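This report covers local backbone features and confidence in one structural model. The sequence and structure are shown first.

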Amino acid sequence: MSEHIYDAANITNPEHGEHHIVSPAQYSFVFITLLIGTAITVLAANFDMGVFNPIIALAIASTKAVIVILFFMHVKYQSNLIKMTVGAGFFSFLVLITMTLSDYISRAWGLW
Amino acid sequence: MTTHNLVRGSNTIINLPDQSTAEIPKRNFISNEHGLLSWLLTGDHKRIAVLYLISITFFFFIGGAFAGLIRLELLTPQPDLVASDTYNKFFTMHGVIMIFLFLVPSVPATLGNFLIPIMLGARDLAFPKINLLSWYLYVIGGTLTLTALVLGGVDTGWTFTTPLSTHYLNTHVVTTATAIFVAGFSSIFTGLNFIVTIHRMRCPGMTWFRMPLFVWAHYAASILMVLGTPVLAIAIVLVALERLIGIGVFDPTKGGDPLLFQHLFWFYSHPAVYIMILPGMGVISEVISTFSRKRIFGYTAVAFSSVAIALFGFFVWEHHMFIMGVSNYSALVFSLLTMLVAVPSAIKIFNWAFTLQKGSITFETPMLYAFGFIGLFTIGGLTGVFLGSLGMDIHLTETYFIVAHFHFVMVGGMLMAFLSGVHFWWPKMTGRMYPESLSKLAAVVTFIGFNLTFLPQFILGYLGMPRRYHAYPPEFQVLNVLSTAGATILGVGYLMPVLYLAWSLKYGAIAGANPWQATGLEWQIQSPPLTENFIEIPIMDHEAYDYDWLEHKTQPEVTTVG
């Protein structure tokens, strides 16, 4: 942080940062991608892929979420600090899922 | 006015201006505007802090009244004061109100709101309107809780345990759940505001490692508020949906799992105890430094231990579930991780002890409360290690041992820290001093009352008295009578500050800018501060807790009106 250049506007109003402008074409691209994602989800529901059913569904959903976060929510154009903040949310979510699964996966070990 | 001669050969560092000429500055954040609306629509972080202080004190005494009723019922082994259903409602309302409406917002929303912008050299928090919205959400949450209470209460326990809360109870679960959901957002907004303010609004020269440790502690707590609270919100919404339309997430007959609720709930509620205690630890760092006239020993270690507590806090929640039938292997991992949290907590305690070593210690009221904190928090923390051990936990959990442990950390720790902070910054907030001898008495009464209330509960728990029952075998009566007697003394200890602090608002001695000779930026401006805090944004050119700087500084070094 030592080379941090002091910006007087920060002290009084930190919202006065620079904003990246996203074109309507880009929003349309996000919209169309989400529609295609939805169509693939519906299509995938017609095939029984056994254990891969939830994996495929989650993969499509995650891809859609990533597109929304990066482009629709402008995270791709933000500072590393904001990217890290978003990452922190995913990190704690990952902790929630994996540590909870540590219970579910091993709950019956040795009991049969 | 140097600190030097005050420290040597004197048993107090209090230095008040000449009372015959001193007066409260005419322009300050309280006198700036008048009328109820000027408070209800304010964007000033200091006024919002005052609003919060009034509201949390109100809820503290409602929660305290329930504690009193619980202790009164437990005076005798027979269930003679209230019926068992009513008793269940008493301890539920006590828990819900004290945790969600008092402990979570206690220090951050009052002292944090008031001080963080000033300590950073800023004029306000990053989002003043969101700050006000946070208070309104808190009030709505509080009102909903009171509504549920008046309509007949709720008896799930503060933990909303499924399937009890979803299937078997006929009380106001959904109203209370909504209240907590709303109050949760109030907490998220406070945390968000703090994080953005600390990152973006530090004054020139205020590097991360020049920030007071109070700010570091709030930064760590804010991370927990922002990342943890949404999970509680989700868990509570799922309970409501399960109850109202039976979606089956927690219902085994529909493929759900009641333990999933416990995972979600404790994923928030364990870090939540760090949300509660971390800001208190921040207060203690400021107080210990000021009243021993030394820079905090191991500043960097204390700063990072706050962040470490926040991080480790997310990896230990299953220790609340050891007897619920979770996987033995998973429990083993969580038990080991739980022990890890003791490390950063111990780092803090040892560093405070080393700060005291060879310091010029004086025993003003905030310091007395801080000493209470250190002793009681250490006992509370170490008994937590007992409960984190798999074997001991089976014996001790769900007994009064856990009640005593939790209250040592939260009441003996957090509430002591809160009172320490309120007494420390009261002259800054109001411009007036409280009667020192009376407040010292209150600190001692609180300490004695606290120990008398909760030490017997460790023994009761060890002997096997379960929590949450209103009747018990007669051999436990002596210890219960001791505990109830202690609660009475504790009640007096809590009422005293309310009375003399209210008295001091009008009659207290004029405190002046820096009655404690403390180093923080907040002490270099007038008391009570201006609405804008600083006339000019200050430039931080020294480390935190630099008593040499304070001794040698020229009077108007931090620019304010005199």
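B:Gln517 sits in the loop of chain B that runs between helix 17 and helix 18. The model is predicted. In it, B:Gln517 has a positive phi of about 55°, although the residue is not a glycine. Most residues other than glycine have a negative phi, and most peptide bonds are trans. B:Gln517 has 21 other C-beta atoms within 10 Å, so it counts as buried, the cut-off being 20 or more.

B:Tyr545 also belongs to the loop between helix 17 and helix 18 of chain B. Its phi is near 60°, again a positive value in a residue other than glycine. B:Tyr545 is buried because 24 other C-beta atoms lie within 10 Å.

B:Ser527 and B:Pro528 are joined by a cis peptide bond, and B:Pro528 lies in the loop between helix 17 (477-507) and helix 18 (547-552) of chain B. Elsewhere in chain B, the bond from B:Thr162 to B:Pro163 is cis. B:Pro163 is placed in the loop that links helix 6 (128-151) and helix 7 (164-168) of chain B. The two bonds are listed below with their omega values.

| Cis peptide bond | Omega |
|---|---|
| B:Thr162 to B:Pro163 | near 0° |
| B:Ser527 to B:Pro528 | about -15° |

A helical position in chain B can be described next. B:Ala443 is part of helix 16 (residues 436-463) of chain B. B:Ala443 is buried because 26 C-beta neighbours fall inside 10 Å. Leaving aside residues up to four places away in sequence, B:Ala443 touches B:Thr365, B:Leu368, B:Tyr369 and B:Gly372. B:Gly421 is 22 residues from B:Ala443 along the chain, and their C-alpha atoms are separated by 12 Å.

Chain A has four helices and zero strands, which gives the pattern α-α-α-α along its sequence. Of the 112 residues in chain A, 5% are buried.

Confidence values complete the account. The average pLDDT of chain B is 93, and 97% of the residues score at least 70. Residues 1-8 of chain B have a pLDDT below 50, and this stretch has 13 contacts in the model beyond near neighbours in sequence. For the model, ipTM is 0.88 and pTM is 0.93.

Definitions and conventions
Residues are numbered from 1 along each chain as its sequence is written. Chains are lettered from A and ligands numbered from 1 in the order in which they are written. This is a predicted model: local features need pLDDT of at least 70, side-chain atom pairs count only at pLDDT 80 or more; totals for chains, interfaces and linings use all residues. Helices (H or I, at least four residues) and strands (E, at least two) are DSSP runs, numbered from the N terminus. A residue is buried if 20 or more other C-beta atoms lie within 10 Å of its own, exposed if 12 or fewer, and partly exposed in between; C-beta atoms are placed from the backbone. Two residues are in contact if their C-beta atoms, placed from the backbone, lie within 7 Å. pLDDT is the predictor's confidence in each residue, from 0 to 100.
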